[in-house]
Amino acid sequence: MTRECAVLLPGVCTALADPRHPGLDDTCLEKLLDWFRSLTWFDPTVELVRDNPCLTELITSVLALQDPSPSILSFTLQLAGILASSESRFQHLQQEKLLGRLFGREGPRGGAAWEDASVRSAWVKGVHSMLHHQPALLLLCSTEEGMDVIFTLQGDPSLFVASAASQLLVHVLTFSLESETSKAVSTKDCDWPVCAQMIVKHIQESLQSSSASHIEQSLKLLSSLFGSCFGSCYTAWTEVLWLDIAKQIESFLLEETVQAQPLLANLLLNVARSPVFCGTEGSFWALVTSALEHLTPVQAGPLAVGLLKLCKCPQDVRIQALTVLLQPMDCILRAASQPLECAGLLDESVSDPGTVESLLSSKTTCAGLLCQTLAHLEKLLSLKRLRVDLPCVSLLRSLMTILQFCNGSLNPTSPLGSTISRNLINCFRVQKAALDVLAALPEEKACDTLVRSLFDVLLAYLQSPNTSPTVLKKTFQATSKWLVHLQELSCSNSQWQQTEKILEDVFVVLQKRLCSPCWEVRDSSLEFLTAMVKCLRDQKELRQCLLSSEVLRLTENLLEDPESYVRASAVTAVGHLALITCFAPESPGTGSQYNRESIVAKLQEILSTDSEGFPRRAVISIFTKWLREGCTGQLEDTEQFVSRVIQTVEHDLDWEVRLGGLELVEVFCSQTICQLSQCPYAPVSSAVTSSSPQSELLQVFCRAKLFGFLFGSLCDCDKPVGQRACDVLVGLRAHFYPMSTLENPQEIEDSPAGRGIAWLQRTLRQGPLAQNFPMDGGDGVDFQDPESMMLALGAIDLLELHDELNKSSDHVEESPQSLLQDILATVGTIEDNEVDCY
């Protein structure tokens, strides 16, 4: 603790214990506790409380109050727990007889304050902070009273208190075993430490009780235990605990009336993650198999997908888990037609198929089961390595069937199919979930025979006026993904005609959707068009369909859309379309309505005049993309193009547009250096002659007016802009001065530009306070003079500026001293109790 803080602390403690003062902001008290946590973490000695007696005086004063405020009492409980976290400070507080009065029977537990949930929560947190040494553990476990309080708080009506109590029990059990790790433990003969024995006994009694709430609390506690470090660090004890409760857990699985069944899946999954059960043998995996059979499909789903993520799960259990997930999809496929036209997903079921059929037949449960199943399958498909083989063809058929049920395009002949179809008609939730899985499904070669049928389903959704905007967006995403696969397919088997026909159908729908009165639909259509061009820009079929449709004209028209989101998406789409219509070697002649000059002019107009930030951000992003791909050289001199763009963006009120301008400059600098230097990033020689590439580089950068923009951005009021500008300037200086800065600082003062450079240094130190930074020069500095800019790059300490810009904005005020001063300033201010701590 600093001397300044030690001087302020007694006044703060006095103010906190004074009931006449207004209560402090909870955030302020939490910051104060954070400070004490950091102090005690780095210094376990007793000096903190011995040298600052005001801390124990605060605790004594609060205990003496007849009716302390809940916030101050909660603060005191947590503070005492933090101070008692080291053994030496614990013993000091014990000598003062403070801990028993706070956490014992005579403390707040017996008073009216205990009715406040924040006080109960603080009591639990205080005990948790204290339990980091054996004396504290002995204090807690010396009588059953302390543990009974925690057991009771497990069922507290406040979820925060109940959760904190459960976490505390996990900590107590784990900590009490630390001293036992060196002892041999066997499943036949083991003695739990005292505290651990209390907890285990409580769990066993609760599991055998007739109280559903007690059973639920113990199952949650067991899940937390096995899910914590206990399950992985204390393998022998984990096995002992599991053997103690396994029979009871098994009985819960078989008793369908037990309300605790939904919690069993999470418990078994956490147990399965323990190293104890790595082997394929043993009764545990038999119990997991039993759970997959006896839990309802809704309860078994999370367990199944969790097991499939485990690398050590036995293969037969993994197959069974996959079967559970696929069972609803199998039921859908079998219900679609009778007799079956194709095989289902599964040869056999894990549980009774009638249960799944019953759930899908019910209007109230059908959509919920399918949404959960589809979400699990999407999660499974996102895994980098799937340890089971998915029946992709049948799964694709099932997804198509679900989508057809939902839009009413499939008329099943079976009674079950008719019922499911009625339940799913226009069900947006299921449609979205099915499309997500469809977009994640791997492109198996076996699926190739279904591609035409799949696109028929997707096109039906794209064409239908009943498709909601959200579902349409997801349909576009799935269509884009499968169009890429279609293109790969046509390349491999020469199915050009099928590809061309599908693309033509897609463009017909796209033309209609681009004219939709709903802005979300227009926006999604433009996003789809952009995605399609990104993936298929080199394919001649796409280019032919594009040029023969009205999509180009409609997209360009949307640059003037009244909705800013749509204008931004139109800018992005136009920018990507230009790559295959204007800048491609085989682009159409200059007489085309979609010519490059017109497009560039329209985008530059948007950049300079659009009232919303989204379209302007999109323009600068597209210009940067064009520059990266070397397209701007076909427009005009790249130097003039960049200069014109940055002169527009440097005055933009949107910081993201200005940041985009800096990215454009960075790309331009990198490309110009590569073009003009003998090799990329070639270092400058000791003397820069007028004919050297370095001199030519400086001239190009000065003509483009880059330096005024870069140095001005260092003083931008938005920090990311200044940081990016500094990064670019540091990179340029590394190129022009690869070894060091100017050797003789006196050279700066003696040079004609010295006064201007000195002014520039002073201005840059002001940062955002330097108002109206003169981009075109000021006080003698000329941003377009190569010699001055060479001097500026060598003289200005850009690395120091870089460090300053990367400091957090509150690095000055974020201090304990400032916090204590804030508290003292606030206490006694009755009219305004707002605290600006830190």
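Trainee: How many cavities of 30 Å³ or more does a search of the whole structure find?
Mentor: This is a predicted model; local features need pLDDT of at least 70 and side-chain atom pairs pLDDT 80 or more, while totals for chains, interfaces and linings use all residues. Residues are numbered from 1 along each chain as its sequence is written, and side-chain values use heavy atoms, without hydrogens or water. A cavity is a set of points on a 1 Å grid over the protein atoms alone where a 1.4 Å probe fits but cannot get out. The number found at 30 Å³ or more is 2.

Trainee: What is the volume of the second largest cavity?
Mentor: A volume here is the space filled by probe spheres set on the grid points, joined across faces, edges and corners. For the second largest cavity, that comes to about 40 Å³.

Trainee: Which helix gives the most to the lining of the second largest cavity?
Mentor: Lining residues have an atom within 4 Å of a point; here they include Pro-297, Val-324, Leu-369 and His-376. Helix 18 (297-309), helix 19 (315-335) and helix 21 (366-381) each give two or more residues to this lining; helices are DSSP runs (H or I, at least four residues), numbered from the N terminus. The most, 4 residues, come from helix 21.

Trainee: How many residues of that second largest cavity's lining are charged?
Mentor: Asp, Glu, Lys and Arg count as charged. The lining of the second largest cavity has 5 nonpolar and 4 polar residues. Its charged residues number none.

Trainee: What is the relative accessible area of Asn-426?
Mentor: Asn-426 has a positive phi, near 60 degrees. Its place is in the loop between helix 23 (415-424) and helix 24 (428-440). Asn-426 is partly exposed because its relative accessible area is 43%.

Trainee: What distance separates the C-alpha atoms of Ser-418 and Ala-335?
Mentor: Ser-418 belongs to helix 23. At 25% relative accessibility, Ser-418 is partly exposed. Ser-418 and Ala-335 are 83 residues apart along the chain, and their C-alpha atoms are separated by 8.2 Å.

Conventions:
On a 1 Å grid over the protein atoms alone, a cavity is a set of points where a 1.4 Å probe fits but cannot get out, and a pocket is an open set with protein on both sides within 12 Å along at least five of seven lines; lining residues have an atom within 4 Å of a point. Buried means under 20% relative accessible area, exposed over 50%, partly exposed in between (1.4 Å probe, protein chains only).
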